[in-house]
Amino acid sequence: MTYAVLSAGVIALALSGCSSAQKWQEEPKGIYTLVKQEGGATLGYAPQSGVKLIEANGYAFKDLNRNGKLDKYEDWRLGFEERARDLAAQLSDEEIAGLMLYSAHQQIPSLQDGYGPSTYNGKPFAESGAKASDLSDAQKKFLKDDNLRAVLITKVESPAVAAEWSNNVQAYVEGLGHGIPANNSSDPRHETTATAEYNYGSGGEISQWPTSLGLAATFSPELVKNFGKIAAKEYRALGITTALSPQVDLASEPRWMRFTGTFGGDPKLTTDLGRAYIDGFQTSEEEAEIADGWGYESVVTMVKHWPSGGPEEGGRDAHYNFGKYSVYPGNNLKTHLLPFTEGAFKLDGPTHCAGAVMPYYTISYGIDPSGNNVGNNFSKYIITDLLRDKYGYDGIVCTDWGVTNDNKSVGGFGGMCWGVETLSVVDRHYLILKAGVDQFGGNNDKGPVLEAFQKGVEEFGKEAWEKRIRESARRLLMPMFRTGLFENPYLDVEKTKEIVGNKDFMCQGYEAQVKSLVMLKNKQHVLPVKDAKKKVYVPKRHFPSYVEFFGNVTKDYYDYPINLDLVRKYYQVVDTPEEADFALVFILGPITGTGYDVNDCKKGGNGYVPISLQYNDYTATEARAVSIAGGDVKESFTNRSYKGKTVKTANKDDLLLVLNTRKQMHDKPVIVALTATRPMVMGEFEKAADAIIMSFGTSNEAFLDIVSGKAEPSGLLPCQLPINMETVEKQKEDVPRDMIPYVDSEGHAYDFAFGMNWKGVINDERVQKYK
């Protein structure tokens, strides 16, 4: 085997004395050079990275480790598995530790303060003179010093800036070590608004679709698969190759604040929609395919949250210490596993299985036969015994974000080290590795990982521990090979502008929004109101002050809940009920608390309070007297019961708005446009409304298209709407569809799969299949 350095930084490789005519040509593209070759992979590399090309049999290959040889991992003719194993065997402990890191949330550009702040050359972005697409100081550090390659992206200034930033990142890491590309990722970003850290990129310049719960309301795996295909194209145009989704938690607990991110409360519907979502995201077709359905339009999905975050005790969420327990009073874990075992792990498409899995923060209380109650990310039983061994999962397992950090208080946010609070940060890392996990979400620092490696060597011996961590390295490299990043991680910025948020994708997203709306009531066929000369009254809404997800207090104000200029495109808008032919009232579902109140502690209570799904004040007279789970190093008790306690909702004025508008309109129609994120008690206002349209996260225009008859409602309830809070308290957190549904004044039960169109109650093939 001989080598000769050619022009343009090319190394020629001659095998067995044979040579072939060159089959490729280079094309400079600014920061990178594109290499197109007949019958071979298209390559992209940054000349300034120091990477050169190797020629073999007339084809070009990237010499990523700059050793002048064609390593197996550099040979695009070989299979993904063989290439990943070859590279994993070459990596140092420091490089493997870096692969195991998954960055904290990154905004582009990084801001001075707020969520995920950083600087540029030591200065805030606004003072630095840096471009929005430049790498921040924190990003340079974790990419170079910590060898991190998995980057979580949230808000971006624009699609073009995101693409330029991605190119800058890839050029930067291409010149480091073995030239491993960055595997950029995103939480869901196609919703109309951002409400929490797990959808913080939403509402930007990208096609906008319903929430997952809204997608579920379409009852259409075909629509969800199409969403996945479109979203994957947009993700890839932004430089994103891993989606931290779908959330296939079976939403059997109606009070859970993350209900909106699920596909609802039915195991079969959730399983089918999750499978379709993953097939859409992961599958590349035709010229975009590299092998086995994977390719240049594929986005690896990280399905979450194993073994389900749905059955949270009392509906409290495990982002917070007070919500760290999932409970199984119905002994129903097996049903919660179905969306994974029968959906995400049994795809219809050629990629066969979701590429990654994320366990939830929760302690799945009483599930481990050994009696060991620790967070799922720390549990060998949950990760190795169940996921790896029983169900044969060999993809990436990545912790949820921040599980190795310390938690400061029971009522505080951050540091979700549930069940292992007394361990050191290093020991938490080590326990996670021993549990069978591959990657640490939200960790930028390789130091604790390397210290955990040393503990592994001491306990298991160097040979056994090296085998263990190289298996993780192999898994962690697979997404970059499957999505073609080792060949060409670079983006054409102009194509990015054409793809992300283009008119066709926007239209399809909007059509899905309309299809997701559920008409619950249409008394005497008051809808549709097709006459554009009709006069409509839209009352102002009170936007209350409350503590939102990040702990910030929202502004208190009164205003119109919709742009009246938009309404005027459909009807004549009037100022008073007296002038109007009908009223259109926009409200939100009850805005309740998190299930914990520090003021209750100050009054001598345990801090635990009910989570209400009604507008009126609620007293939990039917709650459990003794909680199923409990206990914390910061608490002197184990009973987390809230029985007998009373809570208020922040937006009771939404209820009063409907009731007052009813009085003001007398016998003229009152139409309620309701936006909800989870089930709610409808009996407080249903009788005051002539028509009710329910949204699970859409634009206001979608409501108007239904009201005006421009579109016909077709959505179905992806969950039950309870008759009262008593049935909510008596249902079992792990059992789906076990509440008594509300029956309205028209005799319709607001049960799973209920919905109406202009003819009446829908009873189509979707209802027959899933009801």
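Trainee: Why is Ser308 called buried?
Mentor: Its relative accessible area is 0%. Buried means under 20%, exposed means over 50%, and partly exposed lies in between, with a 1.4 Å probe and protein chains only. The value 0% is under the cut-off, so Ser308 counts as buried.

Trainee: What should I know about the model itself?
Mentor: It is a predicted model: local features need pLDDT of at least 70, side-chain atom pairs count only at pLDDT 80 or more, and totals for chains, interfaces and linings use all residues. Residues are numbered from 1 along each chain as its sequence is written, and side-chain values use heavy atoms, with hydrogens and water left out.

Trainee: What makes the phi of Ser308 worth a remark?
Mentor: Phi is about 130 degrees, a positive value, and Ser308 is not a glycine. Most residues other than glycine have a negative phi. Ser308 is in the loop between β15 (300-306) and β16 (325-326). Strands are DSSP runs of E, at least two residues; helices are runs of H or I, at least four; both are numbered from the N terminus.

Trainee: How do you know that the bond between Ile108 and Pro109 is cis?
Mentor: Omega is about 0 degrees there. Pro109 sits in the loop between β9 (106-108) and α3 (125-128). The bond from Leu527 to Pro528 is also cis, with omega near 5 degrees. Pro528 belongs to the loop between β21 (518-522) and β22 (535-537). Most peptide bonds are trans.

Trainee: Glu313 is in the loop between β15 and β16. Is it buried or exposed?
Mentor: Glu313 is buried, because its relative accessible area is 4%.

Trainee: What does Glu313 contact beyond its sequence neighbours?
Mentor: Contact means heavy atoms within 4.5 Å. Setting aside residues within four places in sequence, Glu313 contacts Tyr325, Ser326, Val327, Arg624, Ser627, Ile628, Ala629 and Glu733.

Trainee: Arg475 is in helix α13 (residues 462-482). Why does it count as buried?
Mentor: Its relative accessible area is 12%. With sequence neighbours within four places left out, its contacts are Arg388, Asp394, Gly395, Ile396 and Asp438.

Trainee: How far apart are Arg475 and Ser424?
Mentor: They are 51 residues apart in sequence and 27 Å apart in space, C-alpha to C-alpha.

Trainee: Where is Tyr235, and what rings is it linked with?
Mentor: Tyr235 is in helix α7. At 1% relative accessibility, it is buried.

Trainee: What makes two rings a pair?
Mentor: Rings of Phe, Tyr and Trp (its six-membered ring) pair if their centres lie within 6.5 Å; planes under 30 degrees apart are stacked, over 60 edge-to-face, the rest tilted. By this rule there are 36 aromatic pairs.

Trainee: How do you know that the charge of Arg541 sits over the ring of Phe543?
Mentor: The rule asks for NZ of Lys or CZ of Arg within 6 Å of the ring centre and within 35 degrees of the ring normal. The charged end of Arg541 is 4.7 Å from the centre, so it meets the distance limit. Lys555 sits over the ring of Tyr557, 6.0 Å from its centre.

Trainee: What makes a space a pocket?
Mentor: On a 1 Å grid over the protein atoms alone, a pocket is an open set of points with protein on both sides within 12 Å along at least five of seven lines. In a cavity, a 1.4 Å probe fits but cannot get out. Lining residues have an atom within 4 Å of a point.

Trainee: Which residues lie nearest the centre of the second largest pocket?
Mentor: Tyr296, Asn488, Tyr490, Leu491 and Lys495, out of 27 lining residues. β4 (33-37), α5 (159-174), α7 (221-237) and α14 (493-499) each supply at least two lining residues.
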